[in-house]
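The stops below go from a group of side chains to the strands around it.

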Amino acid sequence: QVQLVESGGGSVQAGGSLRLSCAASGYSYSSYCMGWFRQAPGKEREGVAVIYTGSSSTYTYYADSVKGRFTISRDNARNTLYLQMNSLKPEDTAMYYCAARLWVGYVPSDPRQYNYWGQGTQVTVSS
């Protein structure tokens, strides 16, 4: 059974940093594309960052709103996904979710293309 468990959320002031982690189990982790998504109250869920690490290449996607501030990474040996978030802004406030789907040759940013989801971790950035 696929299980994704996020951690690392919290409350910070604008300009601060947080590191989210997602521990995965129950499937062949290295064969899956992994991503971070977020959903703010009253808004649709959106893709934040996605990553797939192949045998010779790494593929990533970043939403324009987080480029240069967030970094996604994964440790296939530990079946763990990370999101380093720096220079946080109040508009980054949301529930952050980890998600996974089988690798299909590209890194989809649409949350509807992901099969497996964690329970989410709250990130709150105050001004």
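Select Arg 45 and Trp 117: Arg 45 lies over the face of the Trp 117 ring, 4.7 Å from the ring centre. Bear in mind that this is a predicted model.

How are the planes of Tyr 97 and Trp 117 arranged? The ring centres are 6.3 Å apart and the planes stand at 80°, so Tyr 97 and Trp 117 form an edge-to-face pair. In the chain the two are 20 residues apart: Tyr 97 belongs to strand β9 (residues 94-102) and Trp 117 to strand β10 (residues 116-117).

Trp 117, with a relative accessible area of 27%, is partly exposed.

Ring pairs link Phe 37, Tyr 97, Tyr 114 and Trp 117 into a cluster. The model has 10 aromatic pairs in total.

Move to strand β5, residues 46-53. Six of its eight residues are buried, so β5 is largely enclosed by the rest of the structure. Strand β4 (residues 32-39) runs antiparallel to β5 and is joined to it by five bridges. Pick Met 34 to find one of these contacts: its bridge partner in β5 is Ile 51. The hairpin formed by β4 and β5 has six residues between the strands, and Gly 42 in the turn has a positive phi of about 80°.

For the last stop, select strand β8, residues 80-85. Five of its six residues are buried. Strand β7 (residues 70-75) is antiparallel to β8, with six bridges joining them; Asp 75 has Thr 80 as its bridge partner in β8. Four residues separate β7 and β8 in their hairpin, and Asn 79 in the turn has a positive phi of about 50°. Strand β3 (residues 18-25) is likewise antiparallel to β8 and joined to it by six bridges. Finish on Arg 19, which stands opposite Gln 84 in β8.

Note on methods:
Residues are numbered from 1 along each chain as its sequence is written. This is a predicted model: local features need pLDDT of at least 70, side-chain atom pairs count only at pLDDT 80 or more; totals for chains, interfaces and linings use all residues. Side-chain values use heavy atoms; hydrogens and water are left out. Buried means under 20% relative accessible area, exposed over 50%, partly exposed in between (1.4 Å probe, protein chains only). Two strands pair if DSSP finds at least two bridges between them. Rings of Phe, Tyr and Trp (its six-membered ring) pair if their centres lie within 6.5 Å; planes under 30 degrees apart count as stacked, over 60 as edge-to-face and the rest as tilted. A charge sits over a ring if NZ of Lys or CZ of Arg is within 6 Å of the ring centre and within 35 degrees of the ring normal.
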